[in-house]
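Hi,

Here is the structure I promised to pass on. Have a look at it first, and then read my notes below.

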Amino acid sequence: MIDYFVKTAIGRSHVKNDIVCQDFSEVYHDEQRTIMAVCDGHGGEIYVRSDRGSKFACDAVMNVLKEKHHLLLYRVEKADFINRIKLEIMCEWNKLVEQDLSKHPISIKEVAHLNEDKQFRLKVNPTIAYGTTLNAVMVLGNRILCVSLGDGGLFGIKRGNVTPILFEDDEETVANITYSMCQEDAFKHLNAEIYDLSDFSTIFLCTDGVVNPYQNLDNFSKSFIFPVLKLFKEGNREKIDQFITDLGLTLGIGDDVSLGILSIDK
Amino acid sequence: MNNDRMIGEGIARQELNLLFVIDNSGSMDGEKLGAVNNAIRDVMSIMPDIQDDTSDALIKISALKFSNDAEWIYSEPKTVEDFKWTDLYADGGTNLSEAYSKLAKFLSKQSSGGKMPDLGGIAPIIILMTDGMPTSPDWELRLESLKKKGWFKCALKYALAIGIDTSEAMDVLTKFTGTPETVLKVYTAEALRKVIKIIAVTSSKVKSNSTRSNGQGGTAVADNNVVAQNQIAEELQQVEDVEW
């Protein structure tokens with residue numbers, strides 16, 4: 001049985017500066033599969049449509065993964081399947097961005113606050129305006145597909161241990177600097193992997209607004225994942241919901257926050 | 001599974017690290033080091049107000065002195081309240097290599113033995129002050145290692161050339177900051193005192209309000225560094241005996 005929770009809340013710095021929530025999260029569930037995505041549109045001033053970018057990233061995941069038959073997971077070579085999924089998600093996101101741009105070209109008003117250099121960059125490559133991260137999970141048959149690009153991340157839980165999934169942890173990615181769907185080599189940084197259903201009992205999907213206030217994985221596990229998981233198992237979703245709202249508005253670092261919990265009861 | 005903690009515990013404010021890297025070799029003796037000591041006292045008298053003005057960031061201060069060796073004044077970064085300045089005294093050579101190694105270690109993630117957070121965080125401010133050429137031959141090699149650290153790359157870096165006039169010595173400092181725009185030649189003790197204060201205070205004000213997410217290539221980090229640099233440049237116009 002699959003159980004899930006998903007929530008996005010605006011951060012106080014966005015409220016204070018009159019900026020829309022740039023995170024987006026989405027869940028799809030039917031008899032065959034559950035798909036969940038949480039995406040974080042970038043906060044830098046050049047990303048003038050990152051709220052749409054994060055929605056399109058969630059939509060791209062849903063559009064691509066809903067179409068996948070579970071037999072594909074067994075019949076196709078794993079590496080080929082993963083590459084195909086990555087490519088399809090990238091193409092779908094770019095298609096949604098292009099459709100949006102053709103319907104609503106970037107206006108002078110939207111870029112009026114940017115300097116000439118940034119305006120020029122957007123003119124040359126308007127996709128930058130939609131910059132976002134992407135973290136997603138699909139449970140299909142007895143497999144779990146995880147997809148990740150950029151910060152925040154996926155955290156698998158099994159027997160009281162928390163494992164970061166597809167984590168690009170190095171001395172380069174610091175200070176909220178993240179890989180993005182809008183960069184030219186995004187495909188290189190879009191990671192995907194297939195796991196057995198038995199590998200994790202629960203997966204947390206988080207944007208960086210959830211993770212960063214905890215500063216390191218050990219603290220994040222002990223102070224966030226385990227207490228939230230306890231509430232989730234007790235069915236106390238209202239308290240989790242309220243906590244995520246508070247994390248965005250008062251307790252956290254001021255950034256938007258998105259949390260997805262996907263629990264697999266075998 | 002550890003369920004001892006309650007929801008809402010363990011949340012920390014983002015830390016803004018302000019790092020002073022100070023040459024206290026023999027040639028810094030007298031007015032030069034005296035001005036540095038006074039400047040840091042001045043800065044510390046203002047920092048409580050800056051900390052009070054920002055609720056999002058916790059300012060942490062560290063100081064690294066280097067002469068024959070390099071040594072942190074405190075083993076851990078200190079809050080504005082806890083950082084107490086003790087005057088430095090000049091002696092020995094200019095071992096910039098060791099200073100770069102210690103700085104590289106500091107700028108590693110906590111999981112790798114450094115002082116910087118593994119997750120999130122604010123790009124630090126680093127102010128290097130020296131009056132001469134390094135006496136350690138492998139400083140460039142150590143700088144290369146330092147430059148590989150993501151936290152160094154995104155830091156706002158200033159270098160103060162105290163009474164230095166040779167292009168060779170200026171080149172050493174430009175290699176550290178990555179641009180001549182943030183290398184300042186300072187000719188008098190009074191100017192040095194003012195410059196340190198302007199850089200430390202202005203950059204702390206700007207960067208302590210920069211906790212938002214950044215995106216590809218750290219655009220917002222770069223933007224904040226530019227904002228800080230512009231404000232600093234504006235304030236420096238009023239200081240005599242400074243050149244950049």
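Helices (H or I, at least four residues) and strands (E, at least two) are DSSP runs, numbered from the N terminus. With that in hand, strand 2 of chain A and strand 3 (residues 33-40) of chain A run antiparallel and are joined by seven bridges. Within that pair, A:Glu26 stands opposite A:Ala37.

A heads-up: this is a predicted model, where local features need pLDDT of at least 70 and side-chain atom pairs 80 or more, while totals for chains, interfaces and linings use all residues. Residues are numbered from 1 along each chain as written, chains are lettered from A and ligands numbered from 1 in written order, and side-chain values use heavy atoms, without hydrogens and water.

Back to chain A: five strands make an open, antiparallel sheet in the order 2-3-4-5-8. Strand 2 (23-29) and strand 8 (191-196) of chain A are at the edges with a single partner strand each, so one side of each has no neighbour in the sheet.

Now the rings. Rings of Phe, Tyr and Trp (its six-membered ring) pair if their centres lie within 6.5 Å, and the whole structure has 13 aromatic pairs over all chains. One aromatic cluster is formed by A:Phe155, A:Phe204, A:Tyr214, A:Phe220, A:Phe224 and A:Phe243.

Finally, a charge sits over a ring if NZ of Lys or CZ of Arg is within 6 Å of the ring centre and within 35 degrees of the ring normal. A:Lys86 does this over A:Phe187, 4.5 Å from the ring centre.

Cheers

Notes: Pairing = 2+ DSSP bridges. Phe/Tyr/Trp six-rings, centres within 6.5 Å; stacked < 30°, edge-to-face > 60°.
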